[in-house]
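Here are my notes on the model you sent. They are set out as numbered points, to be read beside the structure.

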Amino acid sequence: MSLDPQTDEAYALVELQDLDLRLLRHAATLKAMPEERKLETIALARKKVAGELTKIVGRRKDLEIEIGDVEGDLAHYREVTDRVQAEAATRQQDYREVRDLEAQLTSLAKRIEKCEFTLKGLRADLEKLLTAERNANLTLARVDQEREATQAAFDRSSSDVKAQIRTLAAERDATAKRITPEVMARYEQARRRFKGLAVETLKGNVPSVCRVKLQPSSFSDLMHGPVVTECPYCRRMLVTVEPFSQKDEG
Ligand SMILES: [Zn+2]
């Protein structure tokens, strides 16, 4: 006996729900594995350290630019000082010229002193940042090592569940092909609304999930309507072909 397309679709729908519920359970099993929780914690820690490292590197680069600028100024003032001194040595000067040169040299010496003082502070800051950067890199390496070890442990302990998930997912693809896009869309919507339990079957005149006994008149209406309909009580999808196990005898 071969099934008509509507009946086959109704069976496929019930099978699909069963597969999806099993997939949900397997996903929950994976999620509950201690390594999975640990991986989540590690990922959070890594994100935090990586964020801090980015900030440190940004500040370090800014500081290096600032140090470069001050070093440039310092070299310039030293060069000017050398030039002024050389100039002073080459020729005789009158009193006013000597006084001007001395004033110029004093001003340059002050600038040089200020640059040196600033540089000292900036270089001390740079040392601190470089230390912080090294530490952050070390922490990151440690976190990555831990993640790899945990991932390897997780891969070992989860391989059975993952294999089952792959098999179920392939079965789901095959089953979904027996369902029209319209019914599939209704299923996906109901699945979200009812947290997985989207489809009911009938046991006699009782829907399998909400278990509210159908009135004889509404039962009769449903039995004369489409095989995939809607439960008048809970609004889940209701498959009215029964008994479901007949499919295997066909
Ligand atoms: Zn119902």
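1. A residue is called buried when 20 or more other C-beta atoms lie within 10 Å of its own, exposed when 12 or fewer do, and partly exposed in between. L119 has 17 C-beta neighbours inside 10 Å and therefore counts as partly exposed. Please keep in mind throughout that this is a predicted model.

2. Domains. The chain is divided into domain 1, made of 5–26 + 180–245, and domain 2, which covers 35–158. Between the C-alpha centres of domain 1 and domain 2 the distance is 68 Å.

3. The pair α2 and α3. Helix α2 takes in residues 34–90 and helix α3 residues 95–176; they pack at an angle of about 160°, and their axes are 6 Å apart. Angles over 145 degrees count as roughly antiparallel, so α2 is roughly antiparallel to α3. The crossing of these two helices, α2 and α3, is left-handed. Sorted by class, the residues in the contact of α2 with α3 are 32 nonpolar, 19 charged and eight polar.

4. Two residues of α3. L119 lies in helix α3, and its C-alpha atom is separated by 11 Å from that of E64, a residue 55 positions away along the chain. A136 is also found in helix α3. The C-alpha atoms of A136 and Y77 are separated by 38 Å, the two residues being 59 apart along the chain.

5. The pair α1 and α3. Helix α1 (residues 5–32) packs with α3 at an angle of about 160°, with the axes 10 Å apart. That angle makes α1 roughly antiparallel to α3. The crossing of α1 and α3 is left-handed.

6. In sequence E9 and V227 are 218 residues apart, yet in space they are 8.9 Å apart, C-alpha to C-alpha.

7. The sheet as a whole. Four strands form an open sheet in the order β2-β1-β4-β3, and the pairing is mixed. β2 and β3 are the edge strands, each pairing on one side only. In general, strands of a sheet pair through backbone hydrogen bonds, either parallel or antiparallel.

8. Strand β1. This strand spans residues 199–203 and is mostly covered, with four of its five residues buried. β1 pairs in the parallel sense with β4 (residues 237–239) over three bridges, and V199 stands opposite M237 in β4. With β2 (residues 206–207), β1 pairs in the antiparallel sense over two bridges; here L202 stands opposite P207. β1 and β2 form a hairpin with two residues between them, and G204 in the turn has a positive phi of about 65°.

9. Strands β3 and β4. These two strands run antiparallel and are joined by three bridges. The bridge partner of E230 in β4 is M237.

10. Most residues other than glycine have a negative phi. Which loop holds R211? R211 sits in the loop between β2 and α5 (216–223). R211 has a positive phi of about 55° although it is not a glycine. With 11 C-beta neighbours inside 10 Å, R211 counts as exposed.

11. R235 is placed in the loop between β3 (228–230) and β4. With 12 C-beta neighbours inside 10 Å, R235 counts as exposed, because the exposed class takes in residues with 12 or fewer.

Methods: Residues numbered from 1 in each chain as written. Predicted model: local features only at pLDDT ≥ 70, side-chain atom pairs only at ≥ 80, totals over all residues. Pairing = 2+ DSSP bridges. Axes fitted to C-alpha atoms, helices over the stretch in contact; angles between N-to-C directions. Parallel < 35°, antiparallel > 145°, perpendicular 65-115°, else oblique. Left-handed = near helix turned anticlockwise from the far one by under 90°. Nonpolar A, V, L, I, M, F, W, Y, C, P; charged D, E, K, R; others polar. Domains from an automatic or database assignment.
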